[in-house]
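Open the model in your viewer and keep the selection panel at hand.

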Amino acid sequence: MATHEIKVKINGAEHEAKVESRLLLVHLLRENLGMTGTHIGCDTTHCGACTVLLDGVPVKSCTVLAVQADGRDVMTVEGLEKDGQLHPVQEGFWQEHGLQCGFCTPGMMLTGYALLQDNPDPGEPEIRRAISGNLCRCTGYVNIIKSIQHAAGKLRPTV
Ligand code: FES
Ligand code: FES
């Protein structure tokens, strides 16, 4: 199996790794780098538990090869909190009880984060469309939507 030297910026920090061609990005994150906040729910591109941002765009990291992330920026759920301060998206999920078992939560938060970068004031239909690739097996969608709306309210300028 061929191996490749790759450099990936993850949550602002440069990482170098020697990876097999077949290694998935989710396995690079979880197994090679120990960043287990990114979950694996299906391995078949259905559930979205493995969602990370690749150059700011949500991707299912069980469907991206690690070599495809070479030279690019990855953001995982571990990148949301800064200096001990929860990101407003994390606060939203806390305040609005946007999780039950929490398995879908990292992917939901990153999808919500990316949505709010593009649309600071999304309505419920836009939020539902944005998270349509992320499944919550606890069916907590109503509170997940409220959580993202809570974050939107915190992130909007108050002028
Ligand atoms: S683990 Fe990637 S979509 Fe389910
Ligand atoms: S909170 Fe359990 S899967 Fe969503």
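Start by selecting L53 and M75: L53 stands opposite M75 in strand β5. The model is predicted, so local features need pLDDT of at least 70 and side-chain atom pairs count only at pLDDT 80 or more, while totals for chains, interfaces and linings use all residues. Residues are numbered from 1 along each chain as its sequence is written, chains are lettered from A and ligands numbered from 1 in the order in which they are written, and side-chain values use heavy atoms, with hydrogens and water left out.

Helices (H or I, at least four residues) and strands (E, at least two) are DSSP runs, numbered from the N terminus. Two strands pair if DSSP finds at least two bridges between them.

**Strand β3**

Select residues 51-54, which are β3. In a regular strand the side chains alternate between the two faces of the sheet. Here T51 and L53 lie on one side and V52 and L54 on the other, and all are buried (under 20% relative accessible area with a 1.4 Å probe, protein chains only; exposed is over 50%, partly exposed in between).

The bridge partner of L53 in β4 is P58. In the hairpin of β3 and β4, 2 residues separate the strands, and D55 takes a positive phi near 50°.

**The whole sheet**

Show 5 strands together: they form an open sheet in the order β2-β1-β5-β3-β4, with mixed pairing. β2 (13-20) and β4 stand at the edges with a single partner strand each, so one side of each has no neighbour in the sheet. Now pick β1, residues 3-10, which pairs with β2 in the antiparallel sense over 8 bridges. Within that pair, I6 has A17 of β2 as its bridge partner.

**Helices α2 and α3**

Select α2 (residues 88-95) and α3 (residues 105-118), which pack at an angle of about 125° with their axes 9 Å apart (axes are lines fitted to C-alpha atoms, for helices over the stretch in contact, and angles run from 0 to 180 degrees between N-to-C directions). To see the contact (heavy atoms within 4.5 Å), select V89, Q90 and F93 of α2 with T105, M108, M109, Y113 and L116 of α3.

Finish with α3 against the sheet: α3 lies across β3, β4 and β5, at about 35° to β3.
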